[in-house]
Amino acid sequence: AQMAFAQAEKINPRHARAALNRGVALWELGRHTEAITAYERALLLKPDYAPALENLQRARSDLKASND
C-alpha cells in the first residue's frame, strides 16, 4: 500500500490525502519517523486537514510514550 501512495504522490505531489494515506501505511509498517514526515507534508499541502493533524498528534504522542 505504501508504494501505491508514494506513486500517487509522484503523479500529483500536491495531493494531501495521498500524503496522509502514505503516512498511515508507513506507521503500520513501523516506519514511524517517515510516517510523521508524511503527515507533516499533508499539512503543508492543506494546513486545515484535520485527519493529518490528528494522525500527526497521535503519532508524536505514541512515539514519545514508546521512548519514555
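Predicted model: local features only at pLDDT ≥ 70, side-chain atom pairs only at ≥ 80, totals over all residues.
**Entry 1: Leu26**

I then took a distance from Leu26 to Ala38, which sits 12 residues away along the chain. Their C-alpha atoms are separated by 8.5 Å. Both residues turn up again in the contact of H2 with H3, Leu26 on the H2 side and Ala38 on the H3 side.

**Entry 2: the chain as a whole**

I counted the secondary structure of the protein chain and got 4 helices and 0 strands. Read from the N terminus, the order of elements is α-α-α-α. The chain has 68 residues, and 32% of them count as buried. I also looked at contacts between residues at least 6 apart in sequence, and 38% of these join residues at least 24 apart.

**Entry 3: H2 against H3**

The crossing of H2 past H3 is left-handed.

I listed the residues in this contact. From H2 come Ala16, Ala19, Leu20, Arg22, Gly23, Val24, Leu26 and Trp27. H3 answers with His32, Glu34, Ala35, Ala38, Tyr39, Arg41, Ala42 and Leu45. Sorted by type, the residues of the contact are 11 nonpolar, 2 polar and 3 charged.

**Entry 4: H2 against H4**

How far apart are the axes of H2 and H4? I read 10 Å, with a packing angle of about 25 degrees. Roughly parallel is the term for angles under 35 degrees, which means that it applies to H2 and H4. H2 passes H4 in a left-handed crossing.

On the H2 side I noted Leu20, Val24 and Trp27. They meet Pro51, Ala52, Asn55, Ala59, Asp62 and Leu63 in H4. By type I have 7 nonpolar, 1 polar and 1 charged residue in this contact.

**Entry 5: H3 against H4**

For the remaining pair in this set, I found that the axes of H3 and H4 come within 9 Å and cross at roughly 155 degrees. H3 and H4 are therefore roughly antiparallel to each other. Their crossing is left-handed.

The H3 residues here are His32, Ile36, Tyr39, Glu40, Ala42 and Leu43. Their partners in H4 are Ala52, Leu53, Asn55, Leu56, Ala59, Arg60 and Leu63. I sorted the residues of this contact into 9 nonpolar, 2 polar and 2 charged.

**Entry 6: Asn55**

Asn55 lies in helix H4. Its relative accessibility is 16%, and as buried means under 20%, Asn55 counts as buried. Which residues does Asn55 contact, leaving aside its neighbours within four places in sequence? I found Leu20, Val24 and Tyr39.

**Entry 7: the nonpolar core**

I looked up the largest nonpolar core and found 15 residues in it. The members that touch the most other members are Leu20, Tyr39, Ala42, Tyr49 and Ala52. The elements giving two or more residues to this core are H2, H3 and helix H4 (50–67). H3 supplies the largest share, 7 residues.

I then took Tyr49 by itself. Not counting residues up to four places away in sequence, Tyr49 touches Ala16, Arg17, Leu20, Ala42 and Leu43. Among these, Leu20 and Ala42 are also on the list of core members with the most contacts.

**Entry 8: Lys46**

Last, I looked at a loop residue. Lys46 is placed in the loop between H3 and H4. With a relative accessible area of 39%, Lys46 is partly exposed. I took one distance from it, to Arg14, 32 residues away along the chain. The C-alpha atoms of Lys46 and Arg14 are separated by 8.9 Å.

Conventions
Residues numbered from 1 in each chain as written. Heavy atoms only, no water. Left-handed = near helix turned anticlockwise from the far one by under 90°. Contact = heavy atoms within 4.5 Å. Nonpolar A, V, L, I, M, F, W, Y, C, P; charged D, E, K, R; others polar. Core = buried A, V, L, I, M, F, W, Y, C linked by side-chain atoms within 4.5 Å. Buried < 20%, exposed > 50% of the residue type's maximum accessible area, 1.4 Å probe, protein only. Axes fitted to C-alpha atoms, helices over the stretch in contact; angles between N-to-C directions. Parallel < 35°, antiparallel > 145°, perpendicular 65-115°, else oblique.
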